[in-house]
Amino acid sequence: MIPHPVLSHRYARSEERQGYVKELFDQGAKHYDPVVGWGFLGTGAHYRRTAQSRHGLKPGMQHLDVACGTGLVAVAASQVLGGDSTITCVEPSDGMLAVAREKLPNARFVQSRAESMPVEGEAYDFLTVGYALRHFADLEATFREFHRVLKPGGRVLIMEATRPAGRIGSALFRLYFGVIYPFFVRLFTRSRKAEEMMVYFWETMDTCVRPEAVVSALKAAGFRDAERIPLMGIFSEYAAVKA
Ligand SMILES: C[S@@+](CC[C@H](N)C(=O)[O-])C[C@H]1O[C@@H](n2cnc3c(N)ncnc32)[C@H](O)[C@@H]1O
């Protein structure tokens with residue numbers, strides 16, 4: 001199941017999507033942390049940490065952060081774990097990886113896409129994805145890969161922003177993420193790529209499959225207790241357990 005259709009004004013065919021996304025994040029990497037920091041009013045670090053605690057992350061666990069980007073989820077995890085030595089970060093973009101490596105000196109880094117990760121099976125207690133679900137080529141296949149690498153009883157937590165279903169909420173969401181946020185990103189960074197990164201963020205949220213489809217894909221990949229926890233009408237936590 002593809003998370004969103006081809007966005008033909010960005011790339012012509014689905015096979016070109018990963019190349020487009022990689023270049024976007026390679027070039028936008030240096031702007032990512034400040035842009036995400038003020039766009040979410042500085043709440044991101046606290047949220048990423050408490051969400052992982054609520055879903056059962058504990059010291060001693062082997063943690064896999066998929067699509068780690070600049071390391072925001074992994075840094076938050078290291079505060080719960082009491083260090084970064086049991087963290088493995090998977091990420092395809094050189095630019096994002098370079099920023100993450102600086103912050104997590106003892107973590108292991110694997111340059112890879114989520115769909116097929118060169119990491120051992122049944123090795124991780126806790127797997128996270130922060131705001132990257134929309135970039136995977138196929139949800140069910142990627143979730144099968146998550147299922148492969150988790151230990152029995154291991155948990156997956158996927159954090160995502162989700163366009164509200166109602167008309168008014170959806171219009172406000174569109175106004176903020178589609179217009180206001182990219183405008184200020186361009187103004188403050190003076191970078192076209194940073195602006196495009198945020199417009200693409202909006203476009204993929206707008207066209208993303210609905211939450212029920214994500215939960216179905218988790219179940220189809222073999223997970224049990226798959227659920228979506230909505231937050232403030234605009235965020236989703238998808239959680240599931242490997243039996
Ligand atoms: C919006 S950033 C999220 C970064 C970080 N997880 C966070 O919470 O801030 C999305 C990340 O997904 C990565 N990405 C894109 N396609 C991917 C894929 N197929 N597999 C794994 N990561 C991917 C991008 O390179 C980018 O770093």
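Biologist: Is the crossing in which H6 passes H7 left-handed or right-handed?
Modeller: This is a predicted model, in which local features need pLDDT of at least 70, side-chain atom pairs count only at pLDDT 80 or more, and totals for chains, interfaces and linings use all residues. Residues are numbered from 1 along each chain as its sequence is written. A crossing is left-handed if the near helix is turned anticlockwise from the far one by less than a right angle, and right-handed if clockwise. On that criterion, the crossing of H6 and H7 is right-handed.

Biologist: How are H6 and H7 oriented to each other?
Modeller: The axes of H6 (residues 167-189) and H7 (residues 192-206) lie 8 Å apart at an angle of about 165°. Axes are lines fitted to C-alpha atoms, for helices over the stretch in contact, and angles run from 0 to 180 degrees between N-to-C directions. Angles under 35 degrees count as roughly parallel, over 145 as roughly antiparallel, 65 to 115 as roughly perpendicular and the rest as oblique. The two helices are therefore roughly antiparallel.

Biologist: How many nonpolar residues has the contact of H6 with H7?
Modeller: Residues including Phe177, Tyr181 and Val185 of H6 meet residues of H7, among them Met198, Phe201 and Trp202 (contact: C-beta atoms, placed from the backbone, within 7 Å). Ala, Val, Leu, Ile, Met, Phe, Trp, Tyr, Cys and Pro count as nonpolar, Asp, Glu, Lys and Arg as charged, and the others, Gly among them, as polar. Besides two polar and two charged residues, the nonpolar ones number ten.

Biologist: Which term describes the orientation of H2 and H3?
Modeller: The axes of H2 (residues 44-54) and H3 come within 8 Å, crossing at roughly 55° in a right-handed sense. Arg48 and Arg49 of H2 are among the contacting residues, as are Val73 and Ala76 of H3. From the angle it follows that the pair is oblique.

Biologist: At what angle do H1 and H4 pack?
Modeller: H4 comprises residues 94-103, and its axis is 6 Å from that of H1. The packing angle is about 35°.

Biologist: Which helix gives the largest share of the shell around the ligand?
Modeller: Of the 21 residues around the ligand, Ala67, Gly69, Gly130, Ala132 and His135 come nearest (near: C-beta atom, placed from the backbone, within 6 Å). The shell has 14 nonpolar, four polar and three charged residues. Helices H1 (17-39) and H3 (72-81) each supply at least two. The largest share, three residues, belongs to H1.

Biologist: What radius of gyration does the protein chain have?
Modeller: The chain has eight helices and seven strands (DSSP runs numbered from the N terminus, H or I of at least four residues and E of at least two). Its C-alpha trace spans about 45 × 35 × 35 Å along the principal axes. For 243 residues a compact globule would have a radius near 18 Å (over C-alpha atoms; 2.2 Å times the number of residues to the power 0.38). The chain agrees with this, at 17 Å.

Conventions. Contact = placed C-beta atoms within 7 Å.
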